[in-house]
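Here's a friendly walk through the structure below, in questions and answers. Take a look first, then read on.

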Amino acid sequence: MTGEKKKKVVKTIKVDADKCNGCRACEVICSAFHAKPEYSSNNPARSRIRVIRDPLRDIYVPVKAGEYAAAECAGRDKYTIDGKEYDECSFCRASCPSREEFKEPDSGLPLKCDMCEGEDEPLCVKWCIVDALTYEEREEEVEEEVKQEELETGLKSLADTYGLQEVMDTIARMSKKG
Ligand code: SF4
Ligand code: SF4
């Protein structure tokens, strides 16, 4: 099922890992901005961006928190880039049960980057003085879709609760009114 066209803003933070020097300023400002009250603390464990660091091997890769995953995935990724081997799951953005990253340290609740909602530019980008992080915005035209599956699930649950005939009678009444 398709709907009308809508404009959508796609926000992207481009990461140039070659420029990152591991200073962790991005972690500090992210955690401070999201502290309650705002800027009252700067514990990097609360940051929605984590810098994968291994200074002895000159490894610094910033990774932003993505979607929450309720269960560990069955397969894991292990990368070797430029002859450097990275730990398992290093670049995964999920807050998941297999590791401590991207979890609020007190509550254990998952953390997710919100692109610094309300700010004109993500703060981690502003604070990265070597431009390892750059911000881009673009507009895309998307077709707004009614999710068929969600619609069917909703109707089924109404039919289970009230009976199919009652749901159909209600829809018939509504369409007459409309
Ligand atoms: S602020 Fe920039 S250079 Fe510093 S750790 Fe973050 S991404 Fe790397
Ligand atoms: S965009 Fe904002 S919320 Fe996301 S990682 Fe950067 S500072 Fe944190």
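A quick definition to start: buried means under 20% relative accessible area, exposed means over 50%, and partly exposed is in between (1.4 Å probe, protein chains only). This is a predicted model, where local features need pLDDT of at least 70, side-chain atom pairs count only at pLDDT 80 or more, and totals for chains, interfaces and linings use all residues. Residues are numbered from 1 along each chain as its sequence is written, chains are lettered from A and ligands numbered from 1 in the order in which they are written, and side-chain values use heavy atoms, with hydrogens and water left out.

Q: Is Glu 136 buried, partly exposed or exposed?
A: Glu 136 sits in strand 6, residues 133–143 (strands are DSSP runs of E, at least two residues, and helices are runs of H or I, at least four, both numbered from the N terminus). Its relative accessible area is 37%, so Glu 136 is partly exposed.

Q: Which residues does Glu 136 contact, leaving aside its neighbours within four places in sequence?
A: Contact here means heavy atoms within 4.5 Å. Thr 12 is 124 residues away along the chain, yet its C-alpha atom is 5.1 Å from that of Glu 136. With the sequence neighbours within four places set aside, the contacts are Val 10, Lys 11, Thr 12 and Lys 14.

Q: How many residues apart in sequence are the parts tied together by Lys 14 and Glu 136?
A: Their side chains form a salt bridge at 3.4 Å, N to O (a side-chain nitrogen of Lys or Arg within 4 Å of a carboxyl oxygen of Asp or Glu). Lys 14 is in strand 1 (residues 5–15) and Glu 136 in strand 6, so the parts they tie together are apart in sequence by 122 residues.

Q: Which residue is in a salt bridge with Asp 120?
A: Asp 120 is exposed, because its relative accessibility is 62%. The side chains meet at 3.1 Å, N to O, and the partner of Asp 120 is Lys 126.

Q: How many charged residues are in the shell around ligand 2?
A: The surrounding residues include His 34, Arg 48, Lys 64 and Asp 114, where being near takes a heavy atom within 4 Å. Asp, Glu, Lys and Arg count as charged; Ala, Val, Leu, Ile, Met, Phe, Trp, Tyr, Cys and Pro as nonpolar; the others, Gly among them, as polar. The shell has eight nonpolar residues and one polar, and the charged ones number three.
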